[in-house]
Amino acid sequence: MPPPKKNSAYQRLMIRISCLLPAKLRPVFLHPAGPTTVFFWAPTFKWGLVLAGLGDMKRPPNTISLTQTASLMITGAIWSRYSLIITPKNYNLFSVNAFTCLTGMYNFIRALLYKIEQEKAQEKDSE
């Protein structure tokens, strides 16, 4: 597979690096959603949101924002679907958004259950 013609210095560097790789790894490296493109790096850096969501699991539920976690959950679900219908399919984008959705959902449910529990306690105290 001959390397495609690229113009930017970054792309020329990636082509040179690909020539050093074993032949079996070149198609993965030069894939349209591979590490030579923004379609790889943007989702890769988005894993920071997943790490933040995992860190929120240790926070007390009263400090978790329902609106923020709901937005993370919904956007994660939307972008997960989108990543599977675009061409080329971007499984890195799918996985980061699926995990963003899951961590957002977990934290949303924790905060929602805490809020419901607090409201029940207030109703009980007011009786």
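Modeller: Gladly! Let us start with a definition: a residue is buried under 20% relative accessible area, exposed over 50%, and partly exposed in between. Please keep in mind that this is a predicted model.

Colleague: Thanks. Why is tryptophan 41 called partly exposed?

Modeller: Its relative accessible area is 35%.

Colleague: What makes the pair of phenylalanine 40 and tryptophan 41 edge-to-face?

Modeller: The count of aromatic pairs comes to four. For phenylalanine 40 and tryptophan 41, the ring centres are 4.8 Å apart and the planes stand at 90°. Rings pair if their centres lie within 6.5 Å, and planes over 60 degrees apart count as edge-to-face. Both conditions hold, so the pair is edge-to-face.

Colleague: And how do you know that tryptophan 79 and tyrosine 82 are edge-to-face?

Modeller: By the same test: 5.0 Å from centre to centre and 80° between the planes. Tryptophan 79 is partly exposed at 40%, and tyrosine 82 is partly exposed at 38%.

Colleague: Which residues do ring pairs link into a cluster?

Modeller: Phe40, Trp41 and Phe45 are linked in that way.

Colleague: Next, the charged side chains. What makes the contact between aspartate 56 and arginine 59 a salt bridge?

Modeller: Their side chains meet at 3.2 Å, N to O. The cut-off is 4 Å between a side-chain nitrogen of Lys or Arg and a carboxyl oxygen of Asp or Glu, so this contact qualifies as a salt bridge. A search of the whole structure finds one. Aspartate 56 counts as partly exposed at 21%, as does arginine 59 at 32%.

Colleague: Why is asparagine 90 called buried?

Modeller: Its relative accessibility is 5%. Buried means under 20%, so asparagine 90 is buried. This residue sits in the loop between α4 and α5 (91–126).

Colleague: What does the side chain of asparagine 90 reach at 2.8 Å?

Modeller: The backbone oxygen of phenylalanine 39. A polar atom of the asparagine 90 side chain also lies 3.1 Å from the backbone nitrogen of leucine 93. Leaving aside neighbours within four places in sequence, asparagine 90 is in contact with Ala33, Phe39, Pro43 and Ser83.

Colleague: Is threonine 87 buried or exposed?

Modeller: Threonine 87 lies in the loop between α4 and α5. Its relative accessible area is 79%, and exposed means over 50%, so threonine 87 is exposed. Threonine 87 and proline 32 are 55 residues apart in sequence, and 9.1 Å apart in space, C-alpha to C-alpha.

Colleague: Which residues line the largest cavity?

Modeller: The lining is made up of Gly53, Asp56, Gln68, Thr69, Leu72, Thr103, Gly104 and Asn107. At least two residues of the lining come from each of α3 (38–56), α4 and α5.

Key
Residues numbered from 1 in each chain as written. Predicted model: local features only at pLDDT ≥ 70, side-chain atom pairs only at ≥ 80, totals over all residues. Heavy atoms only, no water. Buried < 20%, exposed > 50% of the residue type's maximum accessible area, 1.4 Å probe, protein only. Phe/Tyr/Trp six-rings, centres within 6.5 Å; stacked < 30°, edge-to-face > 60°. Helix = DSSP H or I, 4+ residues; strand = E, 2+ residues; numbered from the N terminus. Polar contact = N/O pair within 3.5 Å; in protein donor to acceptor, adjacent residues only side chain to side chain. Contact = heavy atoms within 4.5 Å. 1 Å grid on protein atoms, 1.4 Å probe; cavity = no way out; pocket = protein on both sides within 12 Å on 5 of 7 lines; lining within 4 Å.
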